[in-house]
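My notes follow in the order in which I looked.

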Amino acid sequence: MFEVGFFSPGTSNNRFLGVWYKATPDIVVWVANRQNPIIGLNGVLTLSKNGTLILSSAQGTTVWSSISSSRAASRPVLHLLDTGNLVVIENSMSIWQSFDYPANTRLPGMKMVDDPDSGFDKHLTSWKSPDDPSTGDFVYRIENHGLPQMIIAMGSQKICRTGPWNGMFFTGLPFIRGQNNLETETVFNNSRLVSLTDPPNVPFIRRSTMDSSGLFQRYIMNEQRDGWILLYSLPQDTCDKYGFCGPNSICKSYKTPMCECLRGFSPKSMKQWSGCTRVLPLDCTTEGEFLKIEEVKFPDPLSFQVNVSMTADDCRDECLKNCSCTAYADPYLSNESTGCLMWFGDLIDVKEFIGDVSTGPSIYIRLPAHVLEPDQKKRKGPTKMVYIASAASFGMLVLCLTFGGVILRMRRERQACKKKREELELPLFSLATMAAATNNFSNENLIGRGGFGPVYKGVLSEEQVIAVKRMSRNSGQGAKEFKNEVILMAKLQHRNLVRILGCCIEGEEKMLIYEYMHNKSLDYFIYDQSKSALLNWPKRFDIIMGIARGLLYLHHDSRLKIIHRDLKTSNILLDENLNAKISDFGLARMFEGDQTSASTKRVVGTYGYMAPEYVFDGKFSVQSDIFSLGVIILEIVGGKKNRGIKHPYQNLLEQAWLLWKEHRELELMDPSYNNSYIEWQVKRCVQVGLLCVQNEADERPLMPSVVLMLSTDGAVLAQPKKPGFFLHSSSNSSHKDASSGASDSRSGSISITEIEAR
């Protein structure tokens, strides 16, 4: 399953000793010398006689060593176990193991530890960047002050947290059928969670990673064992951001605004949301009442008390005795009905759970008695009371008849809204909210136009900027494409796909709400001489790899097999770090089971990116997407559009193929990155791009091979045949003959079907 050796991450030239998956070598799970790289290409790993591992540079300088065991060793042996654990053993006794020193990845069998009594602390620490495995800004760890939970932190700042351990699992994590309750091997000491282990004896391969961007991500390997499926990420949405709504409030990710005060509380400020405060203070001279709230993440236990032997009724009584007690709950899922958790002071980071998540018991919020029970006033005078009662009865009858219809209508509207939200599986935003966010769809907020309609920049809050795609009435895409994009995007989740936040459907208005991409789209940069200089070669190669990984996910690793059908540079968006994200799924189609292709009489897309079999015959498949990817790769390398290229070439594909045949592919490069290019990467991208745009669909590589070929220096590649739409004057062949294999001037090359890293 695993390999150990030297590697260089991303575009770095430094060398590290690491462990990675044999099937997916780009997934490195452990790094020895993450803080001290080897400069240059040569290093030496030595196992000393006493069992110490020593990593040296070519000059003999020690850059890393394992911590020596106190037990003397005479004949130590180094093993890489099939769990990914690198161990030094002697006589079947472990002297040292890499699992004791986690990096950014947690594997089955690896323990997370929080044990201050013994001084052990094992947690995940992110890489600094995809090119630098040194200690990054984010950690994923056990936080345990008597009620354990998992947190993501940046330094001393808490970024995100799960709900607390309820005796079986951490609440708030997505419920995935057949995948939950994996983290069940736990060790407690005096009610304190000391260690947590993901058991290795389950029928699927999995890993968890603390990403350099601050995301904790859970993966399982796909059935082909050549890629990974993302199960979930934390944070999942804005409401997962720690304390997003402030004290004494609840965050509801499907609503706008997302923040609401808990009952009995009101906003601190009407100008700017900063949390809530009690409408009336607690009165300890009266008994008070409790409001039951279900399916929420418990408030963060900042000031609390736990008693594992107290019953729920006793817990309620105990909370009433203490004027500082603001809420209580039974924190454990059990049949014994024992356990008391009480909070004191403000209630922080409460989130309403929606969808399939692992929930815990209910929580009871303490309120003054009269908040739940209206005050009853007495009136004097029997005659007056009769008339008042009669008038009141008649008035109540009128009010009931009047407001009954209003309430019934409101209930029907809520039910219809709920049904629509459940069907689309996305939060629904109101038209008024979208108008306010975009300054009433002003031209100043307009950031682009597409086949769907105009796209506006919007601001929901100080910390949340959005992009709003508003479907125009004369749009070529209709309700079918709108619903298609909503349903697909709600089910897809990957770092290289743009994230949808919700939609707006009111009357004839239809809008899609996406995360805002600060750097617009790829075409904004690569076709403009002044802006193209901002994309040096390492960044262009990162963008190519990002698009490839996103397409790999769509074709192979997602729960659905998705054919995008409209891949082009304007549909590749760039975030603030210029990371590529595929967007615009209005024309996408979902394949089921073993389906590999489909046909349509309505050919839609963008000329220059569409595959020949799609243009001429209406046939589309994963190979038609791969053709579009090849065009994009060549456009990124060349810095120019496929269509409209100057004489003597008819298009960019033709120019690239003819230059490649003459070993002049570097002449295709955009001069703007001439000082930063890596020769093998540029040549590899040109050749892979040409393999992707071959005329015959069956001759194009699939995405696992594309990703491997792009990322592996030394893999032997097949020789590309003439690309689609090859119109050079020396060729008078027909569309069908355009793919025929002409004699190849690049003698000595080897053509293979299966691409394999050496």
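**Entry 1: ground rules and a first pair**

How far apart are the sulfur atoms of Cys245 and Cys259? I find them 2.0 Å apart, and the two residues form a disulfide, a term I use for a pair of cysteine sulfur atoms within 2.5 Å.

Before going on I note that this is a predicted model, in which local features need pLDDT of at least 70 and side-chain atom pairs count only at pLDDT 80 or more, while totals for chains, interfaces and linings use all residues. Residues are numbered from 1 along each chain as its sequence is written, and side-chain values use heavy atoms, with hydrogens and water left out.

With -80° about the S-S bond, the link of Cys245 and Cys259 is left-handed. The pair links distant parts of the chain, 14 residues apart, with Cys245 in the loop between S21 and S22 and Cys259 in strand S23 (residues 259-261); here strands (E, at least two residues) and helices (H or I, at least four) are DSSP runs numbered from the N terminus. Cys245 has a relative accessible area of 5% and is buried, and Cys259 is buried too, at 13%. By buried I mean under 20% relative accessible area, by exposed over 50%, and by partly exposed in between (1.4 Å probe, protein chains only).

**Entry 2: the other cysteines I checked**

I count 5 disulfides in the structure. One of them joins Cys239 to Cys251, with the sulfur atoms 2.0 Å apart, and its torsion of -75° about the S-S bond makes the link left-handed. Cys239 lies in the loop between strand S21 (228-234) and strand S22 (249-251), and Cys251 lies in strand S22, so this pair ties together parts that are 12 residues apart in sequence. Both Cys239 and Cys251 are buried.

I then turned to Cys315 and Cys340, which also form a disulfide, their sulfur atoms 2.0 Å apart. The torsion about the S-S bond is about 65° for Cys315 and Cys340, so this disulfide is right-handed. It links distant parts of the chain, 25 residues apart, from Cys315 in helix H1 (residues 312-321) to Cys340 in strand S30 (residues 338-344). Cys315 and Cys340 are buried.

Cys503, by contrast, is in no disulfide, and the nearest cysteine sulfur, that of Cys504, is 7.8 Å away. Cys503 counts as buried because its relative accessibility is 0%.

**Entry 3: nonpolar cores**

The largest nonpolar core has 84 residues, and those with the most contacts inside it include Leu522, Ile547 and Phe585; such a core is a set of buried Ala, Val, Leu, Ile, Met, Phe, Trp, Tyr and Cys residues joined through side-chain atoms within 4.5 Å. Helix H8 (residues 537-557) gives the largest share of this core, 11 residues. Leaving aside neighbours within four places in sequence, I find Leu522 in contact (heavy atoms within 4.5 Å) with residues including Leu535, Ile543, Ile547 and Ile636.

**Entry 4: helix H11**

Is helix H11 (residues 652-661) mostly covered or mostly open? I find it mostly covered, with 10 of its 10 residues buried, among them Glu654, Trp657 and Lys661. These buried residues pack against helix H10 (622-638) and helix H12 (679-692). Asn651 caps the N-terminal end of H11, with a side-chain oxygen 3.2 Å from the backbone nitrogen of Leu653. Just after H11, His663 takes a positive phi of about 60°.

Conventions. Polar contact = N/O pair within 3.5 Å; in protein donor to acceptor, adjacent residues only side chain to side chain.
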